[in-house]
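Work through the exercises below with the coordinates open. Each task is followed by its solution.

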Amino acid sequence: MPTYHYRCKNCGYDFTKEQSFSDDPITVCPECGQEQVRKVYSAVPIEFKGHGFYRTDGASSSSSSSSSDK
Ligand SMILES: [Zn+2]
């Protein structure tokens, strides 16, 4: 079951909720009761499968300081 991250725009309450895909998204804040909750799409790495995602491009540093040093 995927975990969704929510945040209330009214009081700033921040929470996560496990929901299935068929569940309705939460809109009402459990903290202040206002309908100000929005889903947060954060940069939390949630199992990105596939290759090339974690590639760091710094393997070949061909442009090391030539002669611009003092
Ligand atoms: Zn709230």
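**Exercise 1.** State how many helices and strands the chain has, and their order.

Solution. The chain has 0 helices and 3 strands (DSSP runs numbered from the N terminus; helices are H or I with at least four residues, strands E with at least two). Along the sequence the pattern reads β-β-β. The model is predicted: local features need pLDDT of at least 70, side-chain atom pairs count only at pLDDT 80 or more, and totals for chains, interfaces and linings use all residues. Residues are numbered from 1 along each chain as its sequence is written, and side-chain values use heavy atoms, with hydrogens and water left out.

**Exercise 2.** Find the donors of the zinc ion and work out their geometry.

Solution. Step 1: the SG atoms of C8, C11, C29 and C32 coordinate the zinc ion at 2.3 Å (donors are N, O and S atoms within 2.8 Å of the metal, or 3.2 Å for Na, K and Ca). Step 2: the spacing of these residues in sequence is C-x2-C-x17-C-x2-C. C8 lies in strand 1 (residues 3–8) and C29 in the loop between strand 2 (14–18) and strand 3 (37–40), so this pair, 21 residues apart, links distant parts of the chain. Step 3: the 4 donor atoms subtend angles of 104 to 118°, so the arrangement is tetrahedral (four donors, all angles between 85 and 135 degrees).

**Exercise 3.** Are C8 and C29 buried or exposed?

Solution. C8 has 2% relative accessibility and therefore counts as buried (under 20% relative accessible area, 1.4 Å probe, protein chains only). C29, also at 2%, is buried as well. Of the 70 residues in the chain, 13% are buried.

Methods. Four donors count as tetrahedral if all angles lie between 85 and 135 degrees; four count as square planar and six as octahedral if opposite donors are over 155 degrees apart and all others between 65 and 115; anything else is irregular. Buried means under 20% relative accessible area, exposed over 50%, partly exposed in between (1.4 Å probe, protein chains only).
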